[in-house]
Amino acid sequence: MSDYIASSAALRKKKTLKKSINFSVMVVGGSGSGRSTFINSLCDQQIVDISANRLPGPQEFDPDSPLGFLFQLRRSNVELEDNEGVRISLNIIDTPGFGRGVENLSQFEVILNYIKHQYDEILIEESKLKRNPRFKDGRVHCCLYLVEATGHGLREIDVELMKQLSTLVNLIPVISKSDSLTETELQLNKRLIREDLTFYGIPVYDFNDEFFQIDKESDYESYQIAQYLNNSVPFAVMGSNKVIDSADPATGHRRVREYPWGLVDVDDNAVSELSVLRNTLLISHLNDFKEYTHEVLYENYRAQALGNDDRYETDGLIDSNRSPISYSRDQSQFDAVTKPLVADSYLAREEQIRLEEERLRVFEERVQSDLLRKRQELEEREKELADIERRLASGAIDV
Ligand SMILES: Nc1nc2c(ncn2[C@@H]2O[C@H](COP(=O)(O)OP(=O)(O)OP(=O)(O)O)[C@@H](O)[C@H]2O)c(=O)[nH]1
Ligand SMILES: [Mg+2]
């Protein structure tokens, strides 16, 4: 019996570990800002081919687009496992071509609608009588926004997009290529970006948000960590695609940038906050990002979506012509290779109509069931009233 208990406990452990944690991160940044290198460095794997996104290929050319090319998101999936056996199924949504060309509004739309579409999918799934056991939650848990260190704070395009992103997703600004800045330049850029975030009222992710109820008195350590991370925003990271694997355990595996004078590790905390960001994102605060997405951001979206038909128009920034939403119906999130997400525009429009119809159906069902409940309550009250009147008439109750 004890053997059985021991082995079933081991099995249970194996079973829990087998199930990986689903986590989705979007990386937004201008063309050439270092997104691909950053993604590879964050996961310490060659996930994105850095030569692949250089220029739009012939299949990307779109004569109907004001940009002259089709702006598309690319999704990759990677399975990560830490040394305690915890596995993360990490979805990465890349934005190649962002900021290229002059027309940015339709690019904003593609990015924002992808995030909204994931919420819509959950909304529909939640309302189903019979849930799909194979449903994959594609909600974006964190958006890492790569800001260029220009010495001028945020650009207009960053302000506009970040403002809209911050209402939908946990937003973390990041300065890429931190190795190209001196310490003074880095601190200046950090300060200017922080000042702009405050000035334009952009609520980036707050590690000490009241939602987490971090009590300074009873949990001073968590409080200090949250303060430290808040003060680190925007995180300054460097990345590289060069890996050195040495047989010598003293040097082991290194991801480095190569300079004429020598090598620098991307995880060297003296020049890069990459390892702090990686640990925060994938280990220490992973659950916080997921919880905040579900409990706060999704709840806000849900409340708005069920009560407001115009949720695709935000602050009038999005073109009122509503160019077609571009996202894929493809739910296979476990493709190891990157793949374009933009569907054919006709299909995308069809999809938008289907979603609207589905949403309205859900809304109608809610109204109907509310009505039914209210009617039942009313009938019960009427019965109670009739009962009181009858007892009054029969003299059972003294007035
Ligand atoms: N010095 C320095 N250069 C970097 C860093 N990260 C990337 N680069 C270089 O910047 C260039 C662009 O990097 P990518 O990773 O391809 O950037 P991207 O944003 O994915 O570019 P597109 O996909 O073409 O928009 C490459 O030459 C990289 O080697 C970094 O941390 N430091
Ligand atoms: Mg790239």
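Two strands count as paired if DSSP finds at least two bridges between them. Helices (H or I, at least four residues) and strands (E, at least two) are DSSP runs, numbered from the N terminus.

**Entry 1: ground rules.** I'm working with a predicted model, where local features need pLDDT of at least 70, side-chain atom pairs count only at pLDDT 80 or more, and totals for chains, interfaces and linings use all residues. Residues are numbered from 1 along each chain as its sequence is written, chains are lettered from A and ligands numbered from 1 in the order in which they are written, and side-chain values use heavy atoms, with hydrogens and water left out.

**Entry 2: strand β3.** I looked up the partners of β3. β2 and β3 run antiparallel, joined by 8 bridges, and valine 78 has leucine 90 in β3 as its bridge partner. β1 runs parallel to β3, with 7 bridges between them. Leucine 90 turns up again here, standing opposite phenylalanine 23. The hairpin of β2 and β3 has 5 residues between the strands, and there I found glycine 85 with a positive phi near 85°. I also checked cover: 7 of the 8 residues of β3 are buried (under 20% relative accessible area, with a 1.4 Å probe and protein chains only).

**Entry 3: helix α2.** Why is α2 largely enclosed by the rest of the structure? I counted 9 of its 9 residues as buried, so that settles it. Among them are Phe38, Ile39 and Leu42. Just after the helix, aspartate 44 takes a positive phi of about 50°.

**Entry 4: ligand 1.** Which helix gives the most to the shell around ligand 1? I found α2 again, residues 35–43, with 3 residues. In total 16 residues surround the ligand (a heavy atom within 4 Å of it), and the closest include Ser36, Thr37 and Asp179. By class I get 2 nonpolar, 9 polar and 5 charged residues; Asp, Glu, Lys and Arg count as charged, Ala, Val, Leu, Ile, Met, Phe, Trp, Tyr, Cys and Pro as nonpolar, and the others, Gly among them, as polar.

**Entry 5: polar contacts of ligand 1.** I looked for pairs of N or O atoms within 3.5 Å. Threonine 37 has a polar side-chain atom 2.4 Å from an oxygen atom of the ligand. For lysine 177, a side-chain N or O atom is 3.0 Å from a ligand oxygen atom. Arginine 257 places a polar side-chain atom 3.2 Å from a nitrogen atom of ligand 1. Taken alone the ligand exposes 650 Å², and the protein buries 83% of that (Shrake-Rupley method, 1.4 Å probe).

Methods. A polar contact is a pair of N or O atoms within 3.5 Å; within protein, one must be able to donate a hydrogen and the other to accept it, and residues adjacent in sequence count only if both atoms are side-chain atoms. Buried means under 20% relative accessible area, exposed over 50%, partly exposed in between (1.4 Å probe, protein chains only).
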